[in-house]
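This briefing covers sheets, helix packing, salt bridges and nonpolar cores. Please read it beside the sequence and the 3D view.

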Amino acid sequence: MASYDLVVIGTGPGGYVCAIRAAQLGLKVAVVEKRATHGGTCLNVGCIPSKALLHASEAFEEAGHAFAAMGVNVSSPALDLAKMMAFKDEGVDGNVKGVEFLLKKNKVDAYHGLATITGPGSIRVSAANAEPKDIAAKAIVIATGSDVMPLPGVTIDEKRIVSSTGALALDKVPGKLVVVGGGVIGLELGSVWRRLGAEVTVVEFLDRLLPGMDGEVAKQFQRILAKQGFAFKLSAKVTGIDSTGDVLKVTTEPAAGGAPDVLDADVVLVAIGRRPYTESLGLEAVGVQLDPRGRIVTDKHYATNVPGIYAIGDVIAGPMLAHKAEDEGMAVAELLAGQAGHVNYDVIPGVIYTTPEVASVGKTEEELKAAGIAYNVGKFPFTANGRAKVNRTTDGFVKVLADAKTDRVYGVHIIGPDAGTLIAEAAIAIEFGASSEDIARTCHAHPTLSEAVKEAALAVEKRAIHM
């Protein structure tokens with residue numbers, strides 16, 4: 001039986017980063033992956049392919065609607081969806097091969113198959129057409145990620161009723177797309193297919209999009225999406241989908257109860273969230289504790305109640321984000337090597353990769369009010385930013401929230417061009433306890449979009465220059 005210091009189950013962003021970091025620190029490491037390729041949901045059927053389609057569909061829309069205004073005259077673009085999907089697949093292939101290379105480079109042994117923990121320090125790997133293999137480990141890290149949350153009474157066939165996986169591989173543009181769920185995944189993939197020609201309707205149980213996001217940003221975002229052609233049915237729930245005919249019949253009802261309504265759809269995307277993936281791991285048999293939501297319970301060092309078994313990423317509490325899993329992977333690897341691994345959960349940025357992008361880090365206004373914290377607000381619109389203005393990407397604003405007495409930055413929220421990149425400055429500021437004055441007095445290059453962050457920081461004390 002092969003024996004290791006650490007075996008990581010799952011090679012998504014959390015798992016492969018954990019394995020590589022542990023190997024860097026001198027541990028003998030192996031990984032177990034149920035897929036034929038590494039990278040988990042993120043690289044195979046999540047973050048990476050969706051960003052490829054978002055990029056390609058944005059280029060398609062820009063060529064059809066924005067080029068002429070810049071003096072670039074081209075004929076109306078024609079969509080070759082098969083080639084766009086090949087572009088996406090090529091990007092996925094490059095990324096998953098990159099992870100495979102990194103694991104080999106760091107001398108991490110890779111096993112492919114389903115992993116079952118048969119006891120503390122013992123794992124059985126079962127692969128099709130092969131005898132099960134037993135491997136031993138001083139420590140086991142569960143990094144198996146999450147799976148699609150099902151909609152009660154609805155069967156996902158990945159053809160007409162799809163999850164995010166099927167929505168990344170449609171063979172034609174749907175005439176009408178109904179998205180069930182007004183969260184990040186539904187809005188990103190809805191954006192892809194709207195740009196390519198679909199009529200998109202979003203059905204959301206709550207009375208707003210993006211619960212947990214800054215309320216002002218969410219409202220502005222909905223207005224922008226509506227201008228782009230999105231339709232919304234808020235405070236509504238899907239109670240059934242009739243798939244017997246050529247057109248899907250989606251029955252909705254008010255969330256609070258009331259008369260039903262029926263929407264026609266060619267494709268329905270179910271995007272109501274994700275749940276921890278812990279099937280086949282044998283957790284019950286070895287006594288690993290789960291919470292009521294099916295998440296693995298861990299202490300602050302990612303240890304479960306069973307000695308030698310740890311967990312990170314989507315299978316434990318916290319936002320289901322790849323970068324959160326990565327940081328946890330590095331932290332637990334460092335802890336196992338005797339170092340002081342740590343993740344600051346107050347500084348986990350979130351990004352929506354639509355056009356415009358939406359990004360946030362730290363506290364929202366709603367959270368500060370609920371905590372009774374006095375704060376000041378600085379806002380700056382992209383309409384007043386020189387670079388955004390000349391590029392005609394002026395939708396949105398930057399908002400900085402800072403303590404009313406100390407001026408320490410509590411949160412930054414951005415809706416606008418390249419918000420996902422701009423938020424990194426804010427994350428660093430909050431991580432190191434910066435004040436809005438610190439940001440405001442840091443020289444920012446001109447002309448750049450990042451100047452909007454500086455101006456929003458200046459606006460905390462009502463001294464923005466360009467507004």
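Leaving aside its neighbours within four places in sequence, which residues is Leu 6 in contact with? They are Cys 18, Ala 22, Leu 27, Lys 28, Val 29, Ala 30, Ala 137, Ala 139, Ile 140, Val 141 and Leu 336, where contact means heavy atoms within 4.5 Å.

The model is predicted, so local features need pLDDT of at least 70 and side-chain atom pairs count only at pLDDT 80 or more, while totals for chains, interfaces and linings use all residues. Residues are numbered from 1 along each chain as its sequence is written, and side-chain values use heavy atoms, with hydrogens and water left out.

**Nonpolar cores**

- A nonpolar core is a set of buried Ala, Val, Leu, Ile, Met, Phe, Trp, Tyr and Cys residues joined through side-chain atoms within 4.5 Å.
- Buried means under 20% relative accessible area, exposed over 50%, and partly exposed in between (1.4 Å probe, protein chains only).
- The largest nonpolar core has 55 residues, and Leu 6 and Ile 142 touch the most other members.
- Helix α1 (residues 13–24) gives the most to this core, with seven residues.
- A second, separate core has 36 residues, including Ala 167, Trp 193, Phe 230 and Phe 397.
- In soluble globular proteins, nonpolar side chains tend to be buried together.

**The five-stranded sheet**

- Helices (H or I, at least four residues) and strands (E, at least two) are DSSP runs, numbered from the N terminus. Two strands pair if DSSP finds at least two bridges between them.
- The order of the five strands in this open sheet is β18-β19-β22-β21-β20, with antiparallel pairing.
- β18 (350–352) and β20 (375–381) are the edge strands; each has a single partner strand, so one side of each is left without a neighbour in the sheet.
- On average, neighbouring strands of this sheet are turned by 10° against each other, direction ignored. Axes are lines fitted to C-alpha atoms, for helices over the stretch in contact, and angles run from 0 to 180 degrees between N-to-C directions.
- Seven bridges join β20 to β21 (residues 397–403) in the antiparallel sense, and Pro 381 has Phe 397 of β21 as its bridge partner.
- Helix α7 (residues 215–228) packs on the sheet and touches β18, β19 (357–362), β20, β21 and β22 (409–416). The direction of α7 makes about 5° with that of β22.
- Helix α12 (residues 419–431) lies across β18, β19 and β22, at about 10° to β19.

**The three-stranded sheet**

- β12, β13 and β14 form an open sheet in the order β12-β13-β14, paired antiparallel.
- β12 (236–242) and β14 (261–265) are its edge strands, and each pairs on one side only.
- Neighbouring strands here are turned by 30° against each other on average, direction ignored.
- β12 and β13 (residues 248–254) run antiparallel and are joined by six bridges; Asp 242 stands opposite Lys 249 in β13.

**Salt bridges**

- The whole structure contains 20 salt bridges, each defined as a side-chain nitrogen of Lys or Arg within 4 Å of a carboxyl oxygen of Asp or Glu.
- Glu 188 and Lys 51 form a salt bridge with their closest N and O atoms 3.1 Å apart. This pair links distant parts of the chain, from helix α6 (residues 184–195) to helix α3 (residues 47–65), 137 residues apart.
- Glu 188 is buried at 6% relative accessible area, whereas Lys 51 is partly exposed at 25%.
- Glu 216 and Lys 399 meet in a salt bridge of 2.6 Å, N to O. Glu 216 lies in α7 and Lys 399 in β21, 183 residues apart.
- Glu 216 is partly exposed at 29%, and Lys 399 is buried at 1%.
- A network of salt bridges links Glu 216 and Lys 399 with Asp 214, Glu 365 and Lys 379.
- Glu 328 and Lys 324 form a salt bridge at 3.1 Å, N to O. Both lie in helix α9 (residues 322–336), four residues apart, about one turn of the helix, and both are buried.

**Packing of α3 and α6**

- α3 and α6 pack at about 35°, with their axes 9 Å apart.
- Residues making the contact include Lys 51, Leu 54 and Phe 60 of α3 and Glu 188, Leu 189 and Val 192 of α6.
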